[in-house]
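This report goes through selected local features of a two-chain structure, grouped by topic. The sequence and the coordinates come next.

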Amino acid sequence: MELQLGLALPTPNMLKGFDLNNHGLDQLKEMGGLEAWNKAAGCFADKDCVKSKRSFEQAFGNFTEECRTKPLLLWSGQPNEEEDHKDQKKATFSTTDENDAEEDDQVVGWPPIKTWRKKIFQQQQQPRVGRAENNRVAENENGRSIYVKVKMEGVAITRKIDIKVYHSYQSLTNSLITMFTKDKKCNEDDYILTYQDKEGDWLIAGDIPWQNFVTSVQRMEIVKNWG
Amino acid sequence: MHKKMAFSFPDEVLEHVFSFIQSDKDRNAVSMVCKSWYEIERWCRRKVFVGNCYAVSPRMVIRRFPEFRSIELKGKPHFADFNLVPDGWGGYVFPWIAEMAGAYPWLEEIRLKRMVVTDESLELIAKSFKNFKVLVLSSCEGFSTDGLAAIAASCKNLKELDLRDCEVDDLSAHWLSHFPETYTSLVSLNISCLGSDEASFSALERLVRRCTNLKTLRLNRAVPLDKIANILRHAPQLVEFGTGTYTADVRPDVYSDLAGVLSSCKELKSLSGFWDVIPDYLPAIYPVCSKLTSLNLSYATIQSPDLIKLVSHCPNLQRLLVLDYIEDSGLEVLASSCKDLQELRVFPSDPFGAEPNVSLTEQGLVAVSLGCPKLQSVLYFCRRMSNEALVTIARSRPNFTRFRLCIIEPKTADYLTLEPLDVGFGAIVQYCKDLRRLSLSGLLTDRVFEYIGTYAKKLEMLSVAFAGDSDLGLHHVLSGCESLRKLEIRDCPFGDKALLANAAKLETMRSLWMSSCAVSFAACKLLGQKMPRLNVEVIDERGPPDSRPENCPVDKLYIYRSIAGPRFDMPPFVWTMDEDSGLRLS
């Protein structure tokens, strides 16, 4: 698709004066960043240079072949061996993560969310102690929030909802209907709500008292009613 | 001897004229007209703004402006908000307080952002300034409730105490009781960042009851829902209110109490708080919604249907902060209900999750841009974007002054064409001629910087991450953006050339931050040596930069203009490059 933007790009004249060493503009343009890169690359091959914790390429796999220059960005690794002096103030994103598998993929300070907001977010989604599988996404021991995944047959997005927010099956199903009918036009009678309990069994929601349901539900799925 | 011009005004007249000029820019311009205007202006400047506390020394400020009443200071670079500036870097306010305490006792207002404030500083403020009225601490840290107690106890004329987003050591909630019973002048109180679980409700209630001029009250999470009614009952004049935790067992008496009290607050224009909100209690605020101009739901984990219901009740909304639970559908409703919307911030509910958990895409932003004619400021976190959407947004909303887009996964391409988003952001800078602040994200090449350098002539602040291919990118920005004051860059392939070639530009800016880029130690030393009015700070926790080859990139670089010279409060992992760096280029 053509984007009719009509942006006039600046001509090379703009680069006048850029050249620090009086080598001429064209030469500089041709070099682009390659030379600077190779210099930096040389430095990293040098064993005197402290090895970065992770190279940029390792961190971001979605680097395409189109990229002309070899990326070489110094990883500002926060050494994990060093003791944390104060509490969470120093905590990087990776140390506060819920899932060990994800730790290596986290980048310091990214996405750019303020520390206190991240803290609130983490308070709301504390991981369940000693849990390997993460179906029941997060549970806060203070009973403040319990996040549970909800999937609907035929809908790509799996939502996460806070079960604590509801106090009855009615309020839960009302909310789910409103949420999911945006994604998939359907008649609510065609679907039933099922859930997986602590033992791993899939059951139809509604049979046990609400409070028992809240403590036992691991995840939910809205499936077509064939009955 | 210099004869006074016959047509010049007496000083008092000029002073009176100058008193109508409030903005710093204008006052600075006035002071440059001639020597006598400089003199008059400096004696009558009442508000001083120092954008970087290390750009000038307290003594210099006091010497030039001997009679200011209000000071605003900013400390750490913006990226400190995201943990990129190591603890202990600096930004201590104590030296400023100490100098001002000695200079004159009639200081009335102190506003600080990203500074380290100790209890000692707070106690000194409480002791030194008899007519102290306003303390605003924004994103500050280093103090405890003990320091607050000192302020409460001594500042009899305190009108405003605003602790927004601060990290406070919560030793005791009883600091509130240090406000004497005779104290009634409070107009604005924001304690939303305090964590204390045992808040002193009775002291808070009594305080609210006797401060009849209270207009702004932002509570912290510890204040339970059923206590809010009691507090609000005594403050129907409130204009801005922040709840505490907005959850409780569903009880009709609590609900009707709350709803009743809220509806008697006829002046309420702004609501915030809403931690742990449950939908059942939301309708209690419906009666006040029609007057609301500002709504902060960024802690509310309620889902789209409830958010939609709420938002549709607020036709006069000008400012909305919300989580991405609102989804595209909610933003479409927002676009059709809130035609006065000027500012929108959508935060991610699951920023570290690998997959999207909500249906919020570029479509939501497009909808709001198309539907809200007054929209000028946006902060939007999402997971996909297209050039097409950005062009549509730019064309339909050329009045953007602040555009901050964060596509969560770094280097995400246009999801439709798999191309970089250069053209999209290029459209933003081309059409939005008054753009002052821009944050980029997604897959971007040097091209986007060409566009920015060409078109973003009013741009004052630019944030860049994981973008660009070469030094040309940085060069375009430094050479083209005439109004640029703050540039912050992380994880970009920018190195020495652009920086050195545009060294003079750096003196026209407040600051430049570069981390995880490719600027060598040698270049830093050269810059520090050649530019005496720049402080070139190398921040490196790996150890001294000269323990590695000179062409090795530094970890973090912070360059700012300063007339105060190098600072002396640096921690061991910060080095200033100056004339004495002993430069030896290989």
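In which helix of chain B is B:E123 found? The residue belongs to helix α6, which covers residues 119-128 of chain B. The model is predicted, and the values below are computed from it.

B:E123 has a relative accessible area of 37%, which makes it partly exposed.

B:V17 sits in helix α1 of chain B, residues 11-18. Its relative accessibility is 42%, so B:V17 counts as partly exposed.

## Chain A: overall make-up

Chain A has 227 residues, and 41% of them count as buried. Its secondary structure amounts to six helices and six strands. In sequence order these follow the pattern α-α-α-α-β-β-β-α-β-β-α-β.

A cis peptide bond is present between A:W110 and A:P111, with omega at about -5°. A:P111 is located in the loop that runs between α3 (56-59) and α4 (115-124) of chain A. As a general rule, most peptide bonds are trans.

## Chain A: the β2-β3 hairpin

Strand β2 of chain A, residues 146-152, runs antiparallel to β3(A), and four bridges join the two. One of the pairings is A:Y147 with A:D162 in β3(A). The two strands make a hairpin with six residues between them, and A:G154 in its turn has a positive phi of about 90°.

Which residues of β3 point one way, and which the other? In this strand (residues 159-162), A:R159 and A:I161 point to one side, whereas A:K160 and A:D162 point to the other. All of these residues are buried. Side chains in a regular strand alternate between the two faces of the sheet.

## Chain B: an enclosed parallel strand

Strand β13 of chain B (residues 319-323) and β14(B) run parallel and are joined by five bridges. Within this pair, B:L321 stands opposite B:R345 of β14(B). Why is β14(B) described as largely enclosed by the rest of the structure? The reason is that four of its five residues are buried.

B:F352 lies in the loop between β14 (343-347) and α14 (362-371) of chain B. At 12% relative accessibility, under the 20% limit, B:F352 counts as buried. The C-alpha atoms of B:F352 and B:I408 are 8.6 Å apart, with a separation of 56 residues in sequence.

## Chain B: loop residues

B:N52 occupies the loop between β1 (47-50) and α4 (58-64) of chain B, and with 3% relative accessibility it counts as buried. From B:N52 to B:Y560 the C-alpha distance is 8.3 Å, although the two are 508 residues apart in sequence.

Two residues other than glycine have a positive phi near 55°: B:D276 and B:S516. Most residues other than glycine have a negative phi. B:D276 lies in the loop between β11 (270-272) and α11 (286-289) of chain B, and its relative accessible area of 6% makes it buried. B:S516 lies in the loop between β20 (511-515) and α21 (521-530) of chain B, and at 2% relative accessibility B:S516 is also counted as buried.

## Salt bridges

Over all chains, the structure holds 33 salt bridges. Side chains of opposite charge can pair when their charged atoms come close. One of the bridges joins B:R42 and B:E39 at 3.2 Å, N to O. Both residues are in helix α3 (residues 35-44) of chain B, three residues apart, or about one turn of the helix. B:R42 is buried at 14% relative accessible area, whereas B:E39 is partly exposed at 35%.

B:R46 and B:E67 form another salt bridge, 3.8 Å from N to O. This pair links distant parts of the chain, 21 residues apart: B:R46 is in the loop between α3 and β1 of chain B, and B:E67 in the loop between α4 and β2 (70-74). Both count as partly exposed, B:R46 at 31% and B:E67 at 26%.

A salt bridge also connects B:R251 and B:D253 (3.4 Å, N to O). B:R251 is partly exposed at 40% relative accessibility, as is B:D253 at 44%. Elsewhere, B:D24, B:R27, B:E41 and B:R45 are joined into one network by salt bridges that share partners.

Note on methods. Residues are numbered from 1 along each chain as its sequence is written. Chains are lettered from A and ligands numbered from 1 in the order in which they are written. This is a predicted model: local features need pLDDT of at least 70, side-chain atom pairs count only at pLDDT 80 or more; totals for chains, interfaces and linings use all residues. Side-chain values use heavy atoms; hydrogens and water are left out. Buried means under 20% relative accessible area, exposed over 50%, partly exposed in between (1.4 Å probe, protein chains only). Two strands pair if DSSP finds at least two bridges between them. A salt bridge is a side-chain nitrogen of Lys or Arg within 4 Å of a carboxyl oxygen of Asp or Glu.
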